[in-house]
Amino acid sequence: LELYLVSGRAALAKKGITTEAKWNALKSAALKDNARIKSLGEKGDDKLGEHLDDVRSYFSAFPVAGGVHKNARRIQQTATVSSLGLVGAAQLAELGTVVGRMGIKAAAKAMPSVTELFTLATKVRHGKDPIIDELRPLLGDFDYDHLLYRPDIILDDKITDALDSSSWAQILDKGLGKMSTGLGYASGMNSIRHFEHQLAAKMIINKFADLAVNPDKVQKSLARMEDIGVDGADLAKITKAINKYAEFDNGMLKKMNLDKWDADTAEAFTFGINKHTAQVVQRQLAGETSAWMHKTIGSLLSQFRHFPIVAFEKQLLRNLKFHDQAFYTTMLYGFGVSYGIQAIKAGLAGEDINSPDTVKRAVNYMGMASVAPDVLTIAAQLNLVPEALNFRKVGNTGSRADSFDLIDYIPAAGQLNKFAKLAALPGKALQGEITNSDVRSGAMALPFATTIFSKALMSAMLED
């Protein structure tokens, strides 16, 4: 928690807000200006003070925008560990986005060891890639983000009275935290993200090196560089530093010697790398989610949808803005990889890999599809678009309901519904009315119910 505080304070200090007094002075000036605007008959912001506090909360170790109620958060965690057993497959689909941004040839040059894809990545290991290790003093262990953003560290419990003192609540919170952490490993999510971060970072580093060696390509790449926070002046400094200090072997970058670079140039370089990797291996940076999504009601409504909501601007609109070759390759590779994953899953399940449902699942897992599947599903339920556009029938979370259910559409509410089905099993068993379908429905409430291991066990136990 102390690290969150220090990093947040450092970020604010770079903008001149070094003390509480300076923040209060800034806030007071903004409120006075807002009041002046309203006095002139213009429309001001009636909740400006609250909105400013929400913005500041992104740079603290306290919950963003006030946080989520403890019991709602517990139900959400339970829904996560029972519903997202195959989240690793969704993460693997992002490989298409990583590769598509710069192409297969660039990916092949930057490809980390395949063993990185199969490591559990439970602790940081240095010495495996000298270029990645050079970044760590400035960028941190960015390829181990699951160790930095841990679900068992709950910032919301810093809300007044949010942390229960009762032993059962502490045991429950600790257990849910450990299960959430374990899900990242059991689903393969952590290993895949570790691999993708390294690949994305090395691809953009090689891009910088290519521009240093081939300055005639700079103009064509400038717009994309500016999009990751590297303007023309910074890019000129970076390419100059690469030409002066970097070491190459047969045209391949071997070492950057960042310790010899000017501090501001090195910071601009690593800032660009961090922003690029957070785009293609999507990670929410401060301010990229709306404050309402961090409050109790908003969090319940947007659970499992943070990714597509953020992807609407971070991936879809950003790429549409450039409409360049990278836009088309990102879209095509994104769909191709996603379809390949879904076809394999369908084949293993004995389903027709050429069915429309396989295509729908592929679109569901595409980052650039953003919120389109959810919007089209609701529209189909309201008979505004053809039923063929109902993506919910193949689902993107949980038990993959065969029909649209508003309760199940809100994951936390759906989790309570699953608990009700689980609780009904003993009664049905005593009456002799229990079916395999009842058991499957009830079992969906259990932790890790949707992991590949649990699904295989359930299939073996409940052969029809």
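**Chat about a predicted model**

Modeller: In helix H13 (residues 218–227), the buried residues are Ser 221, Leu 222, Arg 224, Met 225 and Asp 227. Buried is under 20% relative accessible area, exposed is over 50%, and partly exposed lies in between, with a 1.4 Å probe and protein chains only. Helices (H or I, at least four residues) and strands (E, at least two) are DSSP runs numbered from the N terminus. This is a predicted model: local features need pLDDT of at least 70 and side-chain atom pairs pLDDT 80 or more, while totals for chains, interfaces and linings use all residues. Residues are numbered from 1 along each chain as its sequence is written, and side-chain values use heavy atoms, with hydrogens and water left out.

Biologist: What covers the buried residues of H13?

Modeller: The cover includes helix H6 (95–102), helix H12 (189–213), H14, helix H15 (263–280), helix H17 (306–322) and helix H18 (325–348). Contact here means heavy atoms within 4.5 Å.

Biologist: Ser 82 next. Buried or exposed?

Modeller: Ser 82 counts as buried because its relative accessibility is 0%. Ser 82 is in helix H4 (residues 70–83).

Biologist: Which side chain does Ser 82 join in a polar contact?

Modeller: The side chain of Gln 415, at 2.8 Å. A polar contact is a pair of N or O atoms within 3.5 Å; within protein, one must be able to donate a hydrogen and the other to accept it, and residues adjacent in sequence count only if both atoms are side-chain atoms. Leaving out residues up to four places away in sequence, Ser 82 also touches others, including Lys 418, Met 444 and Phe 448.

Biologist: Now phi. Where is Asn 250?

Modeller: Asn 250 sits in the loop between strand S1 (247–249) and strand S2 (252–255). Its phi is positive, about 55°, although Asn 250 is not a glycine. Most residues other than glycine have a negative phi. Asn 250 counts as exposed because its relative accessible area is 79%.

Biologist: And what is the phi of His 323?

Modeller: Near 35°, a positive value in a residue other than glycine. His 323 lies in the loop between H17 and H18.

Biologist: Which elements have the lowest and highest mean pLDDT?

Modeller: Helix H21 (residues 406–409) has the lowest, 64, and helix H14 (residues 232–245) the highest, 96. pLDDT is the predictor's confidence in each residue, from 0 to 100. The protein averages 85, and 92% of the residues score at least 70.

Biologist: Where does pLDDT stay under 50?

Modeller: Over residues 159–163, which have 9 contacts beyond four places in sequence in the model, and over residues 394–403, which have 24.
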